[in-house]
Amino acid sequence: MMGEFVMPSLGADMTSGTLVEWRKRPGDRVARGDILADVETEKGIIEVEVFESGVVERLLVEPGTKVPVGTPLAVLGEEAGGAEAEAGAVTEAVTEAVTEAVTVTEAAAVTEAEAVTGAEAFESAYAGARGPATGVRQTPSARRLAREAGIDASRLEGTGVHGTVTREDVARAAAPRAPAKAAPAAGERPRISPLARRRAAELGIDPSTVTPASPDGVVHARDVEQAARARPAPQAAEPPGAAMRRAIAAAMARSKREIPHYYLSTTVDLGPAIAWLEEENAKRSVTERLIPGVLFLKAVALAAREVPEINAHWAGESAPPLERVHVGVAINLRQGGLIAPTIHDADRLPLAGLMAAFKDLVKRTRAGAIRSSEMSDATITVTSLGDRGVETVFPIIVPPQVAIVGFGKIVERPWSVDGTIVSRPVVTATLGGDHRVTDGHRGGLYLAAVERLLGEPEKL
């Protein structure tokens, strides 16, 4: 029984992706959860998993190809060496469909190009972890081109990130060298007028590259100026993270345009939580200590079980509550931008397990090692800007989710406790809700549940 492995949707704003590298080859066996390919999106390179066991029968798309979401990338079979005739027929039909899909969507892809960076930039940034045995970092497309051109890429000097050999480096090495110019005879001076020499120096033009227009073969100033006008203008390098910023802007604009947001906020007394954390961390090693942010994640997840309408995906006409609680965590990237991968079943994890999952997620996100299953199924997202000094956050919902929770920084404030004014650590929690699904009443119940849970940290 054949199955198609298609370009997955790795976020509500994703319309296409670029296949960067295959991790498996035809004939390889795969189990559910194995990484089959690396796919580049506007937000980086994602490790794409398979969701059924089998054998890789055919690879239908070459690395470096950009295709729409839903395009077949590979054919999986139950056993290696299945019916060749059937496999060949399926492959031929699917390949034809891929070609047609790419052709039909080529015009549309032009409009999407403004929100998508080139594969080469991300290949260069992330190729180091998967370099060849020579120790020289090479992007997948550079290795492929080097093989085709018969060039030993390990001997090239890379111009990519951390010295990675890129496709352009290989192309330069493969290009035929121009024949050397004959040296002028002894005592012979270049045939160029003094004014032309001065203009060449001013304009940064090599006089030896200028073709004279006059029959006498002398390079004149007008020849230099013509060469300067014909010189291509330098292309300004795109700032790091610009493509990701465009993708984020497009997704957030869509969210604000389509989702009727409402906002509620409350100030939570963290006195009991901070005191409990200090006592609990005194029993733990430094590497196992908990942070307040993990209490926030657990409270958000447990409150989503109490008010299930908050834990849902908008399905076009309604948003049925989801049984499992997967919390998306907004993580800042060092190169700019942010993404919100998922901690699965956050409500069921003990605090120690949640802390370990959070640390692992941050580390892999910033290293470019996120899996596809962590990018597409969050049921509610948490964002915190406390480390940036922000006290109140008004976050934007990530479609198709219907709610998002923001936390500000923990600050000391005067607080009334049993009729006495004392100084207490507090944090502002904000809920952004989808008015098509819930309202202020249900949103208020949700925030009240978050506040109550943070007041009872020993029960989290």
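Biologist: Where is A247 found?

Modeller: A247 is found in helix α8, which covers residues 242–258. Helices here are DSSP runs of H or I with at least four residues, strands are runs of E with at least two, and both are numbered from the N terminus. A word on the source: this is a predicted model, where local features need pLDDT of at least 70, side-chain atom pairs count only at pLDDT 80 or more, and totals for chains, interfaces and linings use all residues. Residues are numbered from 1 along each chain as its sequence is written, and side-chain values use heavy atoms, with hydrogens and water left out.

Biologist: Thanks! Why does A247 count as buried?

Modeller: Buried means under 20% relative accessible area, exposed means over 50%, and partly exposed is in between, with a 1.4 Å probe and protein chains only. A247 has 3% relative accessibility, so A247 counts as buried. The C-alpha atoms of A247 and M14 are separated by 8.6 Å, although these residues are 233 apart along the chain.

Biologist: What share of the protein chain is buried?

Modeller: Buried residues make up 43% of the 460 residues. The chain holds 12 helices and 18 strands.

Biologist: What makes α10 roughly perpendicular to α11?

Modeller: Two packed helices are described by the angle between their axes and the distance between the axes. The axes of α10 (residues 292–306) and α11 (residues 351–367) come within 10 Å and cross at roughly 110°. That makes α10 roughly perpendicular to α11. The classes are these: under 35 degrees is roughly parallel, over 145 roughly antiparallel, 65 to 115 roughly perpendicular, and the rest oblique. The axes themselves are lines fitted to C-alpha atoms, for helices over the stretch in contact, and angles run from 0 to 180 degrees between N-to-C directions.

Biologist: Which residues of α10 and α11 meet?

Modeller: From α10, V294, L295, L297 and K298 meet L351, L354, M355 and F358 of α11. Contact means heavy atoms within 4.5 Å. These residues divide into seven nonpolar, no polar and one charged.

Biologist: And T365, is that residue buried or exposed?

Modeller: T365 lies in helix α11. With a relative accessibility of 3%, T365 counts as buried. Leaving aside residues up to four places away in sequence, T365 touches I331, L333, I339, P341 and I370.

Biologist: What covers the buried residues of α9?

Modeller: The cover includes β9 (261–269), α10, α11, β18 (420–434) and α12 (440–454). The buried residues in α9 (residues 271–281) are G271, A273, W276, L277, E280 and N281.

Biologist: Why is β15 called largely enclosed?

Modeller: Four of the five residues of β15 (residues 380–384) are buried, so this strand is largely enclosed by the rest of the structure.

Biologist: How do you know that β10 and β15 pair?

Modeller: Two strands pair if DSSP finds at least two bridges between them. Strand β10 (residues 327–329) pairs with β15 in the parallel sense over three bridges, and G328 stands opposite T381 in β15. Four bridges join β15 to β16 (residues 403–407), also in parallel, and T383 has G406 in β16 as its bridge partner.

Biologist: Why do β7 and β14 stand at the edges of their sheet?

Modeller: The open sheet of five strands has the order β7-β2-β4-β5-β14, with mixed pairing. Both β7 (66–68) and β14 (370–371) have a single partner strand, so one side of each is left without a neighbour in the sheet. Strand β5 (residues 44–49) pairs with β14 in the parallel sense over two bridges, where I46 stands opposite I370.

Terms used: Ala, Val, Leu, Ile, Met, Phe, Trp, Tyr, Cys and Pro count as nonpolar, Asp, Glu, Lys and Arg as charged, and the others, Gly among them, as polar.
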